[in-house]
Amino acid sequence: MRKSPTVLILNGPNLNTLGTREPEVYGRETLDDIRAACAERADALGLGLDFRQSNGEGELVGWIQDARNAAAGIVINPAAYTHTSVAILDALQACGLPVVEVHLSNIHGREPFRHHSYVSRMAHGVICGFGSQGYLFALEAMARILERQEGKA
Ligand code: CA2
């Protein structure tokens, strides 16, 4: 039987404290709630899931480098690093995997400094403003991208 392709979902700084403050912006769910919903959806889509969070830019870069040999695609909410990190952009570009960027909030309706994302430059697509549901949309989108890739192989 063919092995399910693994999708790596990466979460950036402070997302480990989700559900504890600013529920009007980020919702009431915790990152563990999102992890559980993603695991269920990945299973339904025939995907393996590796779901991680780090507060460190270097750790995220390391995980992206490792994904080259361990995952079929990356879904990433880089959190504040979205707006600052050329290192994460470079790592994503170098790893060569399809990337879907996700944000809980609509970054374009917020402060001007959140309107620019380094990652969007190379992402296949960006989902923002749908709260935790956005992660499920991102998984659906990744499943389609991988299906299309497989069709070409
Ligand atoms: O909307 C998103 O998903 C963001 O990536 C979240 C980041 C923010 O810097 C981006 O501009 C948009 C912030 C994550 C902070 O996580 C929190 C956790 C608990 C309570 C408040 C924020």
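Q: Which residues does Asn14 contact, leaving aside its neighbours within four places in sequence?
A: Asn14 is in contact with Gln53 and Asn55, once neighbours within four places in sequence are set aside; contact means heavy atoms within 4.5 Å. This is a predicted model, in which local features need pLDDT of at least 70 and side-chain atom pairs count only at pLDDT 80 or more, while totals for chains, interfaces and linings use all residues. Residues are numbered from 1 along each chain as its sequence is written, and side-chain values use heavy atoms, with hydrogens and water left out.

Q: Where does Asn14 sit, and is Asn14 buried, partly exposed or exposed?
A: Look for Asn14 in the loop between β1 (6–11) and α1 (23–26). Helices (H or I, at least four residues) and strands (E, at least two) are DSSP runs, numbered from the N terminus. With a relative accessible area of 46%, Asn14 is partly exposed; buried means under 20% relative accessible area, exposed over 50%, and partly exposed in between (1.4 Å probe, protein chains only). The C-alpha atoms of Asn14 and Glu140 are separated by 25 Å, and the two residues are 126 apart along the chain.

Q: How should I read a pocket, and which residues lie nearest the centre of the largest pocket?
A: The general idea is that rolling a probe the size of a water molecule over the atoms shows where empty space is left. Here the largest pocket has 21 lining residues, and Pro13, Asn14, Leu15, Tyr26 and Ala79 lie nearest its centre. A pocket is an open set of points on a 1 Å grid over the protein atoms alone, where a 1.4 Å probe fits, with protein on both sides within 12 Å along at least five of seven lines; lining residues have an atom within 4 Å of a point.

Q: How much space lies in the largest pocket, and how do its lining residues divide?
A: The largest pocket holds about 380 Å³ of space, a volume being the space filled by probe spheres set on the grid points. Its lining divides into 8 nonpolar, 9 polar and 4 charged residues. Ala, Val, Leu, Ile, Met, Phe, Trp, Tyr, Cys and Pro count as nonpolar, Asp, Glu, Lys and Arg as charged, and the others, Gly among them, as polar.

Q: Which residues does Gly27 touch beyond four places away in sequence?
A: Gly27 touches Gly19 and Glu22, not counting residues up to four places away in sequence. Gly27 lies in the loop between α1 and α2 and is partly exposed, at 26%.

Q: Is Ser105 buried or exposed, and what does Ser105 touch?
A: Ser105 is buried, with a relative accessible area of 8%. Its place is the loop between β4 (99–103) and β5 (125–128). Not counting residues up to four places away in sequence, Ser105 touches Val25, Tyr26, Arg110, Cys128 and Gly129.

Q: How do the axes of α3 and α4 run relative to each other?
A: Two packed helices are described by the angle between their axes and the distance between the axes. The axes of α3 (residues 57–70) and α4 (residues 86–95) come within 9 Å and cross at roughly 5 degrees, so α3 is roughly parallel to α4. Axes are lines fitted to C-alpha atoms, for helices over the stretch in contact, and angles run from 0 to 180 degrees between N-to-C directions; those under 35 degrees count as roughly parallel. Glu57, Leu60, Val61, Ile64 and Arg68 of α3 meet Ala87, Ile88, Ala91, Leu92, Ala94 and Cys95 of α4. These contact residues divide into 9 nonpolar, no polar and 2 charged.

Note on methods: Angles under 35 degrees count as roughly parallel, over 145 as roughly antiparallel, 65 to 115 as roughly perpendicular and the rest as oblique.
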